[in-house]
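Reader: I have a structure to go through and I'm new to this. Can we start with the ligand and take it from there?

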Amino acid sequence: MTIAVYPGSFDPITNGHIDIALRAARLFDQVIIGVYDTPSKNLMFNTKERVELARQSVAQITNVDVRPFTGLTVEFARQMGAQAIVRGLRAVTDFENEFEMAMMNRKLDPDCDVVCLMTNIKYSFLSSSLLKEVANLGGDIDDLVPKPVAIALRKRIPVRL
Ligand code: ADP
């Protein structure tokens, strides 16, 4: 059985993340979205909330699961019995970061392979941080996130008078 982990902050999960998860789900028997507990980012949603939103958003995809994790991604991958780490690429600008991280992960675990999948062009401009900024300013985000995330964002962001 082929297993991949798809790690990230997912603060919150977007349609871009779902696009990558769906692509990975066609390549691997099982995909485990790993919600990283303590990214060095300002978070809008805590780990429990990020996991719950991701779970609700992938509920229809039978071979995609969601779990929180702490510590090294390679350790998480090992614990899950995964053969690969999946990451998403939006543009060339993502590549440098992903390459650096993949090389470090390979140093930590020589058996670790990273599979980068390219997103649908319609999500190539979408990041969780930009999404939160637009939502904070009252912009329409309905096409960019799964329904449970849109609801959670509306609840979290104070109504603008
Ligand atoms: P991280 O903090 O690890 O970058 P993110 O939640 O921001 O976590 O992203 C997780 C992964 O999903 C990364 O590989 C990122 O490049 C990818 N990703 C983020 N947004 C998109 C998108 N719109 N389309 C495709 N991949 C994306």
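This is a predicted model: local features need pLDDT of at least 70, side-chain atom pairs count only at pLDDT 80 or more; totals for chains, interfaces and linings use all residues.

Reader: OK. Which residues come nearest to the ligand?

Author: There are 17 residues around the ligand, and Y6, S9, K41, G88 and L126 come nearest.

Reader: What about T119, how far is its side chain from the ligand?

Author: An N or O atom in the side chain of T119 is 3.0 Å from a nitrogen atom of the ligand. F10 also has a polar backbone atom, 2.9 Å from an oxygen atom of the ligand.

Reader: Back to F10, then. Is F10 buried or exposed?

Author: F10 is buried, because its relative accessibility is 2% and buried means under 20%. Y6 counts as buried too, at 4% relative accessibility.

Reader: Different topic. How many aromatic pairs are there?

Author: The count comes to 4 aromatic pairs. In one of them, the rings of Y6 and F10 have their centres 5.2 Å apart and their planes at 85 degrees.

Reader: Why is that pair edge-to-face?

Author: The planes of Y6 and F10 are at 85 degrees, and an angle over 60 counts as edge-to-face, so that is what the pair is called.

Reader: And which residues do ring pairs link into a cluster?

Author: Y36, F69 and F76 are linked into a cluster by ring pairs.

Reader: Now S127. Where is it?

Author: S127 is in the loop between β5 (113-118) and α5 (128-136). S127 counts as buried, at 18% relative accessibility.

Reader: What does the side chain of S127 reach?

Author: The side chain of S127 reaches the backbone nitrogen of L130, at 3.1 Å.

Reader: Last thing, the surface. Which residues make the nonpolar patch?

Author: V92, F95, F99 and M103 make a nonpolar surface patch of about 420 Å². M103 is in helix α4, which covers residues 92-108.

Reader: Why does M103 count as partly exposed?

Author: M103 has a relative accessibility of 37%. Buried means under 20% and exposed means over 50%, so M103 at 37% counts as partly exposed.

Definitions and conventions
Residues are numbered from 1 along each chain as its sequence is written. Side-chain values use heavy atoms; hydrogens and water are left out. Patches are made of residues with over 30% relative accessible area and no salt bridge: like charges are joined within 9 Å, nonpolar side chains (Val, Leu, Ile, Met, Phe, Trp, Tyr) within 5 Å. Accessible areas come from the Shrake-Rupley method with a 1.4 Å probe; for residues, only the protein chains shown count as cover. A salt bridge is a side-chain nitrogen of Lys or Arg within 4 Å of a carboxyl oxygen of Asp or Glu. Helices (H or I, at least four residues) and strands (E, at least two) are DSSP runs, numbered from the N terminus. Buried means under 20% relative accessible area, exposed over 50%, partly exposed in between (1.4 Å probe, protein chains only). A residue is near a molecule or strand if one of its heavy atoms lies within 4 Å of it. A polar contact is a pair of N or O atoms within 3.5 Å; within protein, one must be able to donate a hydrogen and the other to accept it, and residues adjacent in sequence count only if both atoms are side-chain atoms. Rings of Phe, Tyr and Trp (its six-membered ring) pair if their centres lie within 6.5 Å; planes under 30 degrees apart count as stacked, over 60 as edge-to-face and the rest as tilted.
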